[in-house]
Amino acid sequence: RLWEVFLVEHLNFSWNEVHDDAEVLEHVTSKKLADHLEVFLNHPNYCPHGGMIPKENHFVQEKKRQTLIEYPVGAKIRIARVIDERELLDYLVAIDLNIGESFEITDIAAYEGPITLTNSEKNILVSYKAASTIFVDSIKENS
C-alpha cells in the first residue's frame with residue numbers, strides 16, 4: 001500500500017493503475033526500504049483506495065463500514081474505501097468517483113438499478129454491482 005501511495009503521489013499514476021505494479025514492488029522491498037519509503041511519504045495512514053496501511057507489528061483491522069447499497073435516498077455519505085479490483089477501479093475512474101468525495105444519495109433505481117449520487121459539482125450514476133463494493137461513511141448534518 002505504501003508503493004500505491006508513492007506511485008499515485010510522486011509518479012502521477014492514476015489510482016486504478018497502481019495495484020498490480022505495487023504488488024510486484026512489494027515482493028522485492030526490504031524492510032529497510034519500506035521503512036525509508038514510509039518516512040519519505042510522511043507516514044500515510046491510507047492507500048489511494050482507502051485501505052489502512054499497516055504499521056510495524058500491528059495487524060490491520062479495517063474500520064467496519066457499510067457499503068453504498070445499504071443507505072437510503074437522502075443519506076449523506078463520504079466515499080471511504082473501495083475494493084482494489086482493476087475492473088472496478090477502471091469503472092470508478094470512468095464515472096469520476098473518488099475516495100474522500102461527499103454526496104447525497106438522490107435516487108435508487110428499482111431492481112438493482114443504479115444509485116444516483118449528487119453534490120454541488122457532479123451527478124453520478126453508480127451501478128448496483130459497483131455500489132456493493134464501495135464502502136462509505138455516513139455524514140451527519142453538522143459534520
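## A loop residue to start with

Asn12 is exposed, with a relative accessible area of 68%; here exposed means over 50%, buried under 20% and partly exposed in between, using a 1.4 Å probe and protein chains only. Asn12 sits in the loop between α1 and α2, where helices (H or I, at least four residues) and strands (E, at least two) are DSSP runs numbered from the N terminus. Its phi is positive, near 60°, in a residue other than glycine. Most residues other than glycine have a negative phi.

This is a predicted model, in which local features need pLDDT of at least 70 and side-chain atom pairs count only at pLDDT 80 or more, while totals for chains, interfaces and linings use all residues. Residues are numbered from 1 along each chain as its sequence is written, and side-chain values use heavy atoms, leaving out hydrogens and water.

## The chain as a whole

Let us step back to the overall layout. The protein chain has five helices and six strands, in the order α-α-α-β-β-α-β-β-β-α-β from the N terminus. Its C-alpha atoms fill a box of roughly 50 × 30 × 25 Å along the principal axes. Of its 143 residues, 37% count as buried.

Contact means heavy atoms within 4.5 Å. Among contacts between residues at least 6 apart in sequence, 61% join residues at least 24 apart.

## Two nonpolar cores

A nonpolar core is a set of buried Ala, Val, Leu, Ile, Met, Phe, Trp, Tyr and Cys residues joined through side-chain atoms within 4.5 Å. The largest one has 22 residues, and Leu68, Ile77, Leu97, Leu117, Val126 and Ile134 touch the most other members. At least two residues each come from β2 (76-82), α4 (86-95), β3 (102-108), β4 (115-118), β5 (123-126), α5 (128-131) and β6 (134-138). The largest share, four residues, belongs to α4. Apart from this core lies another, of ten residues, among them Leu2, Leu7, Val18 and Leu37.

Beyond its neighbours within four places in sequence, Ile134 is in contact with Gln66, Thr67, Leu68, Ile79, Arg81, Val82, Leu92, Leu97 and Val126.

Helix α1 (residues 2-10) has Leu2, Trp3, Glu4, Val5, Phe6 and Leu7 as its buried residues. Their cover includes α2 (18-26) and α3 (31-40).

Asn16 is also found in the loop between α1 and α2, and counts as buried because its relative accessibility is 9%. Its side chain makes a polar contact with the side chain of Ser14 at 2.5 Å; such a contact is a pair of N or O atoms within 3.5 Å, and within protein one must be able to donate a hydrogen and the other to accept it, with residues adjacent in sequence counting only if both atoms are side-chain atoms. Leaving out residues up to four places away in sequence, Asn16 touches Arg86, Leu89, Asp90 and Val93.

## Between α3 and β1

His43 lies in the loop between α3 and β1. Its phi is positive, near 55°, in a residue other than glycine, and at 43% relative accessibility His43 counts as partly exposed.

Met52 lies in the loop between α3 and β1 (66-67). Met52 counts as partly exposed, at 27% relative accessibility. Met52 and Arg81 are 29 residues apart along the chain, with 9.2 Å separating their C-alpha atoms.
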